[in-house]
Amino acid sequence: MTPEGSIVDGPKAWLQRLPSTDRLLQGAAAQVLVRAHGATLVTGEARALLAEARQCVLAGAVPPWLQSSDPLHALGDALAQRCAARLAPQLKRIVNLSGTVIHTNLGRAVLPDVAIEYVSAMMRAPLNLEYDLAAGARGDRDSIVEGLVCELTGAEAATVVNNNAAAVLLVLAALAREREVIVSRGEQVEIGGAFRMPDVMASAGARMVEVGTTNRTHLHDYARSITPATAMLLKVHTSNYAVQGFTSAVTEAELAPLARERGVALVSDLGSGALIDMTRLGLPKEPTPQEMLSAGCDVVTFSGDKLLGGPQAGLIVGRKDLIARIRSFPMKRAMRLSKLPLAALEATLRLYLQPELLTTHLPTLRWLTRAQDDIARTARSLREPLQLALAPRYTVSEAALISQIGSGSLPVETLPSAGLAIAPVQAGKKGTGTALEALTVALRGLPCPIIGRIADDQLLLDCRCLDDANEVLSQLPALQRALA
Ligand SMILES: *Cc1c(COP(=O)(O)O)cnc(C)c1O
């Protein structure tokens, strides 16, 4: 409640003007709200509104509506606003102009339309999630996508869980609990948050045996460390950092004969795991599960919502006997994919059966492969309207930018892009910082928040992921109001 207005009459007189909850609820505005939302929510908000007003008055301030010529009407408006605020969704669409295509904080991959439509159709009715329609008997939800995953990766078998972190944990627990897992010191990855390889090993009850050094690990390092207690050699794709210079790592193809000879499993955590050869799209090389399997890995894990471009999921592919052990391990039940992402994953994977459609229908690959001049065209169409909205405090210019793939993939690989650079007009480091802060706050406060990135005292808006300039243009009046 904004403490506004002077108290001429004293608190007592104002308090007497407050209607009772019942009177408020009988008003026309409240009745409309009750019909829309039911009495429970509206009554609760009416009580809260009046209690706040009472406190406000007792504290020496008068709410503006109480001073209006028709308080009951004004109160109805205030009540409508409260109900709307109470019901406001917590998730908001974002306009991602950060330049990072697969942004974990912004929900990673955006689903293809076919997946969204399939999910919404499948969630409206019961479905054959775990029901074998041919046999008329209980089925396994993995079978919804297992065939597709095997066809696309060349795996003998596949299972899916909630995310790749769960996939790694499950594989370690199912195949290496109370046994040893050998991993290179160069692959002690932290993915962000609490996902650190040593901690994951401990959670899975596996004993981690580190070999080699940060920059160099050799085949004989692995060979020497294998004991009767060894269950697994684990390779972790160092997706979010690169060790450069005097380095050496042992490839999966080199490890496979050793693993086979000594009777231990070779497992690869790929992280992103592209399902197609990214270089064919002009993108940086990213290892595929199919390459890992043909190199001799027994099990490969990867994410559903990184380069694959689907929902959050963890895919586990590999040898039939090992996948069967993983699938029947009790922890799997706690990590199983729900029908919502399972449907989205199935629809996304079906797109991969039509690879020619991927760069148009799969947003992640469409954005990653978008031509720089096309991105620049979008930026150009925004420059003048944005300049008009931000004058005279800011100057807006077109800029060549560098996008990132994101989500830990390929940190050293970047994509030439285009966008806008917005610089505050006033001089002085402090003034620039304040003006940039004001602008980013205003952009974040829009109905559909716009997220850019700050670099070199400018706000950069990378237009790579902006399909429709209207997502920005339509919000310019609101931006101007916010900055006024
Ligand atoms: C991203 C990543 C994970 C975790 O995958 P989520 O799908 O985020 O759970 C694990 N390992 C590697 C190498 C990764 O890049």
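## Reading helix contacts, cavities and domains

Modeller: Let's start with a helix pair in this predicted model. Helix 3 (residues 28-37) and helix 4 (residues 39-58) have axes that come within 7 Å and cross at roughly 140°.

Biologist: How should I read that angle: is helix 3 oblique or roughly antiparallel to helix 4?

Modeller: Roughly antiparallel is kept for angles over 145 degrees. The crossing is at roughly 140°, so helix 3 counts as oblique to helix 4.

Biologist: Which residues make the contact?

Modeller: From helix 3 come Ala-30, Leu-33, Val-34 and His-37, and they meet Ala-39, Leu-41 and Val-42 of helix 4. Sorted by class, this contact has six nonpolar residues, one polar residue and no charged ones.

Biologist: Thanks! Now, what is the idea behind looking for cavities?

Modeller: A probe the size of a water molecule is rolled over the atoms, and that shows where empty space is left.

Biologist: How many cavities of 30 Å³ or more does the count give here?

Modeller: The count comes to two.

Biologist: Which residues line the largest cavity?

Modeller: Its lining is made of Leu-386, Leu-390, Ile-422, Leu-439, Leu-443, Leu-446, Ile-450, Leu-461, Val-472, Leu-476 and Leu-479. Helix 19 (372-390), helix 20 (429-444) and helix 22 (476-483) are the elements that give two or more residues to this lining. By class there are eleven nonpolar residues, with no polar and no charged ones.

Biologist: And what lines the second largest cavity?

Modeller: There you will find Val-168, Val-171, Leu-172, Met-232, Leu-234, Val-267, Asp-269 and Thr-301. The class tally for the second largest cavity is six nonpolar, one polar and one charged.

Biologist: Let's zoom out. Which stretches does the domain assignment give?

Modeller: The assignment has domain 1 as 7-87, domain 2 as 95-103 + 368-483, and domain 3 as 113-359.

Biologist: How far apart do the C-alpha centres of domain 1 and domain 3 lie?

Modeller: The C-alpha centres of domain 1 and domain 3 are 56 Å apart.

Definitions and conventions: Residues numbered from 1 in each chain as written. Predicted model: local features only at pLDDT ≥ 70, side-chain atom pairs only at ≥ 80, totals over all residues. Heavy atoms only, no water. Axes fitted to C-alpha atoms, helices over the stretch in contact; angles between N-to-C directions. Helix = DSSP H or I, 4+ residues; strand = E, 2+ residues; numbered from the N terminus. Parallel < 35°, antiparallel > 145°, perpendicular 65-115°, else oblique. Contact = heavy atoms within 4.5 Å. Nonpolar A, V, L, I, M, F, W, Y, C, P; charged D, E, K, R; others polar. 1 Å grid on protein atoms, 1.4 Å probe; cavity = no way out; pocket = protein on both sides within 12 Å on 5 of 7 lines; lining within 4 Å. Points joined across faces, edges and corners; volume = space filled by probe spheres on them. Domains from an automatic or database assignment.
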